[in-house]
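Colleague: I would like to learn how to read a model like this one. Please take me through it feature by feature.

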Amino acid sequence: MQSEKLIQMLLEQTRQIINQAEKLKNYDLNALTWRENETSWSILECLEHLNLYGDFYLPQIESEIKQSTTKADVEFKSGILGSYFAKSMLPKEKPNKMRTFKDKNPLNTKLDQSVIDRFVNQQIKLLELLNQSGKVSLNNVKIKISISNFIKLKLGDTFQFLINHMIRHFNQIDRIQIAMKNA
């Protein structure tokens, strides 16, 4: 895929995610912290989970882009592992349950509406990084993954993974809202 087209697609997806998050600011704390059962996440827990990933990835992406001496590629070619991770995050017709790592699991954390602001601020940072990434190689800039310091993904794959992960959890938020209405 053309690098420029990929960045434009990711920018648009991120803007849509910001719009969805902004709408959550209209909910009261009871709705934002409601959960279907004691092991399911609330809306705020979904967002906090994404914030924890943002805390890991965004500073690293920013640092790698700043340090990079690479030039932008015309074409981005997804790596085997990167493609697998990015696609595994995409929502499925029947959502597959994924276990989250303990340090990224916000279940039963005391949260408030500031989680939404933090999330939106991270997405604004992501937009900046996506724009900056147009000047470097999406193929040759590498980002460590959260589960291993030994595995690095191409910058383009890392962006796709992060954004697909957000799309996945916004689908989860949609399901939470439906369950809340039916409760």
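**Reading the model**

Modeller: Start with Thr 158, which lies in helix H6, residues 155-182. Helices (H or I, at least four residues) and strands (E, at least two) are DSSP runs, numbered from the N terminus. This is a predicted model, where local features need pLDDT of at least 70, side-chain atom pairs count only at pLDDT 80 or more, and totals for chains, interfaces and linings use all residues. Residues are numbered from 1 along each chain as its sequence is written, and side-chain values use heavy atoms, with hydrogens and water left out.

Colleague: Is Thr 158 buried or exposed?

Modeller: Buried means under 20% relative accessible area, exposed over 50%, and partly exposed in between (1.4 Å probe, protein chains only). Thr 158 has a relative accessible area of 2%, so it is buried.

Colleague: Which residues is Thr 158 in contact with?

Modeller: Contact means heavy atoms within 4.5 Å. Neighbours within four places in sequence are left aside; Thr 158 then touches Tyr 57, Ile 61, Ile 143 and Leu 153. Take Ile 61 next.

Colleague: Which residues have the most contacts inside the largest nonpolar core?

Modeller: A nonpolar core is a set of buried Ala, Val, Leu, Ile, Met, Phe, Trp, Tyr and Cys residues joined through side-chain atoms within 4.5 Å. The largest one here has 47 residues, and Ile 61, Leu 155, Phe 159 and Phe 170 have the most contacts inside it. Two or more residues each come from helix H1 (3-24), helix H3 (43-67), H4, helix H5 (114-132), E1 and H6. H3 gives the largest share, 10 residues.

Colleague: What do the buried residues of H4 pack against?

Modeller: They pack against E1, E2 and H6. In H4 (residues 80-89), the buried residues are Gly 82, Ser 83, Phe 85, Ala 86, Ser 88 and Met 89.

Colleague: In which sense do E1 and E2 pair?

Modeller: Two strands pair if DSSP finds at least two bridges between them. E1 (residues 142-145) and E2 (residues 148-154) are antiparallel, over 4 bridges. Lys 142 has Lys 154 as its bridge partner in E2. Ile 145 has Ser 148. A hairpin of 2 residues joins E1 to E2.

Colleague: How many cavities of 30 Å³ or more are there?

Modeller: Rolling a probe the size of a water molecule over the atoms shows where empty space is left. On a 1 Å grid over the protein atoms alone, a cavity is a set of points where a 1.4 Å probe fits but cannot get out; lining residues have an atom within 4 Å of a point. Grid points are joined across faces, edges and corners, and a volume is the space filled by probe spheres set on the points. The whole structure has 1 cavity of 30 Å³ or more. The largest cavity has a volume of about 70 Å³. Its lining includes Leu 50, Tyr 53, Phe 119, Gln 122, His 165 and Met 166. H3, H5 and H6 each give two or more residues to that lining.

Colleague: Is Gln 132 buried, exposed or partly exposed?

Modeller: Gln 132 is found in helix H5. Its relative accessibility is 30%, so Gln 132 counts as partly exposed.

Key
1 Å grid on protein atoms, 1.4 Å probe; cavity = no way out; pocket = protein on both sides within 12 Å on 5 of 7 lines; lining within 4 Å.
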